[in-house]
Amino acid sequence: IYVDKAVEYITSRGGKFLEGVGVKAMKLKGDEVLNITPTKGRNMRADVFVSALPVQVLRRILPEELYDYRYFRNLWRFEDAPSLSAMVWFDRKVIKLDNIAAGIGTVFNWFADLTQVVPEAFPQEGSVLELVITPCSHLVPLADERIIDMVISDIRKLLPDARDAEVTKWRI
């Protein structure tokens, strides 16, 4: 939902977006990034770098001297909180809400009908629910089919219009 818009924003302003390229190292001078060393290709320079690296990778590649700054020392306070997203396509609308909603008493924490929240990305007639489960470490060992059964069961309990709707597709 968000990546395409972020890429569009960056590229429409003359920026470049590189996908599938890791970062091995950063070279700094004071508080300025001089260049980065990618996993593929030559060192790169830019006025601004935007990182989408997982925090564990970022901590490994940051130069040691950055940890003199409190801001970067705080990177060590991040803890993993596994989460997963379930998406369920229905043959009809199961909710009328153009915002997110909490899933109280359900396996998922919050959910949204993407056809109403971002209709330009999901122009379907039926609902496309995205449901977020976090933390989810207790579910990780389960098969996707078992997780989706739990999610759909909770959707049907929570949303009366979903009880008779047909699931046409799903993804974890």
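How do the residues of the lining of the largest pocket divide into nonpolar, polar and charged? They divide into 27 nonpolar, 4 polar and 6 charged. Nonpolar here covers Ala, Val, Leu, Ile, Met, Phe, Trp, Tyr, Cys and Pro; Asp, Glu, Lys and Arg are charged; the others, Gly among them, are polar.

This is a predicted model: local features need pLDDT of at least 70, side-chain atom pairs count only at pLDDT 80 or more, and totals for chains, interfaces and linings use all residues. Residues are numbered from 1 along each chain as its sequence is written, and side-chain values use heavy atoms, leaving out hydrogens and water.

The largest nonpolar core has 23 residues. Such a core is a set of buried (under 20% relative accessible area, 1.4 Å probe, protein chains only) Ala, Val, Leu, Ile, Met, Phe, Trp, Tyr and Cys residues joined through side-chain atoms within 4.5 Å. Leu-131, Ile-133, Val-151 and Ile-155 have the most contacts inside this core. Val-151 touches (heavy atoms within 4.5 Å) Ala-86, Val-88, Val-107, Phe-108, Leu-131 and Ile-133, not counting residues up to four places away in sequence. Another core, of 9 residues, lies apart from the largest one; Val-23, Leu-28, Leu-66 and Tyr-67 are among its members.

Now turn to Pro-82. Arg-45 is 37 residues from Pro-82 in sequence and 33 Å away in space, C-alpha to C-alpha.

Note on methods:
Buried < 20%, exposed > 50% of the residue type's maximum accessible area, 1.4 Å probe, protein only.
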